[in-house]
Amino acid sequence: MKFMLLLLLGVGVLVSSCGDKMEYSSLVQGVWKVTKIVNLDKKEETDPGNMHYVVTKRHIMTVGGKEDRPVVAKNFADMKPEEILSQLPAGGGFMEYEIVDGKIHRTTKFALSELFEGKLIQTEFEVDQENLVFRDSHHADGELREWHMVRVE
């Protein structure tokens with residue numbers, strides 16, 4: 001009887017923790033526009049420009065670019081090198097992720113800067129239907145930052 005009670009209790013805990021993981025995962029999924037980046041170490045807030053995160057069930061993609069990029073009415077094959085450079089995003093990356101112990105564990109598979117490739121980033125997060133905040137130490141300088149986002153889709 002005690003064994004059966006312990007077994008049921010263990011299954012209950014497992015199911016309840018999986019439910020939380022699934023709930024967070026579904027809430028995080030979507031298209032998010034970054035509204036501000038806050039450096040918590042320096043107490044500075046910056047405008048991210050035109051930066052978005054796309055979160056699926058297992059992947060995160062981020063891309064950012066200047067909103068005032070010039071319009072070049074040519075195909076890339078016909079552009080001069082400086083015209084192509086004017087169209088490139090300012091940042092971007094593609095990551096695999098999973099939620100472990102209440103944190104997003106994301107591994108960068110591709111980034112515009114090779115510095116980030118292969119890095120595991122453990123990110124604290126807060127999420128509801130309309131807002132998402134990522135909080136972690138930035139690999140480039142080790143400073144603690146928050147990325148504040150609003151849901152686009």
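These questions and answers concern the nonpolar core and strand pairing of a predicted model.

Colleague: Which residues have the most contacts inside the largest nonpolar core?

Modeller: The largest nonpolar core has 19 residues.

Colleague: What is the bridge partner of Y53 in strand 4?

Modeller: Strand 3 and strand 4 (residues 59-65) pair in the antiparallel sense over six bridges. Leaving aside neighbours within four places in sequence, the contacts of Y53 include I60, M61 and T62. Among these contacts, the bridge partner in strand 4 is T62.

Colleague: How many residues lie between strand 3 and strand 4 in their hairpin?

Modeller: The two strands are antiparallel. The number of residues between them in the hairpin is three.

Colleague: In strand 5, what is the bridge partner of M61?

Modeller: M61 is in contact with Y53. Strand 4 is joined to strand 5 by six bridges, and the two run antiparallel. Across that pairing, M61 has as its bridge partner F94.

Colleague: Which residue in the turn between strand 1 and strand 2 has a positive phi?

Modeller: Strand 1 and strand 2 (residues 44-46) run antiparallel and are joined by three bridges. The hairpin leaves four residues between the strands, and the one in the turn with a positive phi, about 60°, is K43.

Colleague: In strand 9, which residue does K33 stand opposite?

Modeller: Strand 1 pairs with strand 9 in the antiparallel sense, over seven bridges. The residue of strand 9 opposite K33 is V150.

Notes
Residues numbered from 1 in each chain as written. Predicted model: local features only at pLDDT ≥ 70, side-chain atom pairs only at ≥ 80, totals over all residues. Heavy atoms only, no water. Core = buried A, V, L, I, M, F, W, Y, C linked by side-chain atoms within 4.5 Å. Buried < 20%, exposed > 50% of the residue type's maximum accessible area, 1.4 Å probe, protein only. Contact = heavy atoms within 4.5 Å. Pairing = 2+ DSSP bridges.
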